[in-house]
Amino acid sequence: MQYMVSVIWPFLRISSMIGAMFILGSRMLPIRIRLVFCIVITWAVIPLIPPVESGIELFSLEGAIVTINQIIIGTTLGFVTEFIAQCFILAGQVVAMQTGLGFASIMDPVNGASTPVVGQFFSMLCALVFFGIDGHLVFIDLIHKSFTTLPVGLNFIAPSSWETLSLFLSVMFQVAVNFSIASICTMLIINFALGVMTRAAPQLNIFSMGFAVSMILGIGVLWLTLGGFMGYFEKLFDHVTEMMCTVMNYQCTGSVR
């Protein structure tokens, strides 16, 4: 029973994080592959983590509390990583609505919901950059370190961490607005110019001409916006890793990468 405890509880924390993690927990990845991935990580991590507290039986009230606690810790750490994708999806939706590209929507395989094409483009670009900088390895290393700061047992996430996590939502909206502010201001000026032209020459059809002009210029603004994608991604990635370190009570020294 002690051996089962030392395997099941770490597996629950790791599998909960992988299930809620960015990209690795998406619907694009089959459940069997995710299960094998979690088993392999658990098998590699078990010799490196502190031993499980003895005296807690698996089939007991304390064992049930520990089981739920491991699921909560893993799900919380995996949920934090979703801020990376949701930030750029939100920025893509703002850009799409401003440039007239919001009418084109497709099914997002990562989230299983319908999103504008611009948001889907940013989401896929974010996924490519995420794997390009080995972000998945950084998060797997952090889940390994969480067993040292939050050992398996009756060790819960601090209440202050939940408050910090709720306030972290403002960072997501801040980065999304900063990333899309250039297109917002540009399209505002374009729409203002089209309104002045229509007022000066009522013969111009603002609906037929303005839509085409806004879309063409919007694609150009979108192309120029990509130049600052890496800067915002690195900034958001550092925010997410710092937030994960705060949740699991780990002192991050500089950039985790």
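**Exercises on a predicted chain**

Aspartate 134 lies in the loop between α4 (117–132) and α5 (135–149); helices (H or I, at least four residues) and strands (E, at least two) are DSSP runs, numbered from the N terminus. The model is predicted, with local features needing pLDDT of at least 70 and side-chain atom pairs counting only at pLDDT 80 or more, while totals for chains, interfaces and linings use all residues. Residues are numbered from 1 along each chain as its sequence is written, and side-chain values use heavy atoms, with hydrogens and water left out.

**Exercise 1.** Describe the backbone and the exposure of aspartate 134.

*Solution.* Step 1: aspartate 134 is not a glycine, yet its phi is positive, about 60°. Step 2: its relative accessible area is 37%, so aspartate 134 is partly exposed. The classes are buried under 20% relative accessible area, exposed over 50% and partly exposed in between (1.4 Å probe, protein chains only).

**Exercise 2.** State the fold pattern of the protein chain and how confident the prediction is.

*Solution.* Step 1: the protein chain holds nine helices and two strands. Step 2: along the sequence they follow α-α-α-β-β-α-α-α-α-α-α. Step 3: the mean pLDDT (the predictor's confidence in each residue, from 0 to 100) is 78, and 87% of the residues score at least 70. Where pLDDT is low, predicted coordinates should not be read in detail.

**Exercise 3.** Describe helix α9 by its span, its buried residues and what follows it.

*Solution.* Step 1: α9 has 19 residues and reaches 27 Å from its first C-alpha to its last, close to the 27 Å expected at 1.5 Å a residue; the expected span is 1.5 Å times one less than the number of residues. Step 2: its buried residues include Phe229, Phe233, Leu236, Phe237, Val240 and Val247. Step 3: asparagine 249 follows α9 and has a positive phi, near 60°.

**Exercise 4.** Why does the pair of phenylalanine 233 and phenylalanine 237 count as stacked?

*Solution.* Step 1: a search of the whole structure finds nine aromatic pairs. Step 2: in this pair the ring centres are 6.2 Å apart and the planes stand at 20°, so the pair is stacked. The rule is that rings of Phe, Tyr and Trp (its six-membered ring) pair if their centres lie within 6.5 Å, with planes under 30 degrees apart counted as stacked, over 60 as edge-to-face and the rest as tilted. Step 3: phenylalanine 233 and phenylalanine 237 are four residues apart in helix α9 (residues 229–247), and about one helical turn therefore separates them. Step 4: phenylalanine 233, at 0% relative accessibility, is buried, and phenylalanine 237, at 1%, is buried. Step 5: ring pairs link Phe121, Phe122, Phe130, Phe131, Phe139, Phe229, Phe233 and Phe237 into a cluster.

**Exercise 5.** Which residues does threonine 76 contact, leaving aside its neighbours within four places in sequence?

*Solution.* Step 1: threonine 76 is in helix α3 (residues 61–99). Step 2: its relative accessible area is 8%, which means it is buried. Step 3: with those neighbours left aside, threonine 76 is in contact (heavy atoms within 4.5 Å) with Ile157, Trp162, Leu165 and Val247. Step 4: Val247 is also one of the buried residues of α9.
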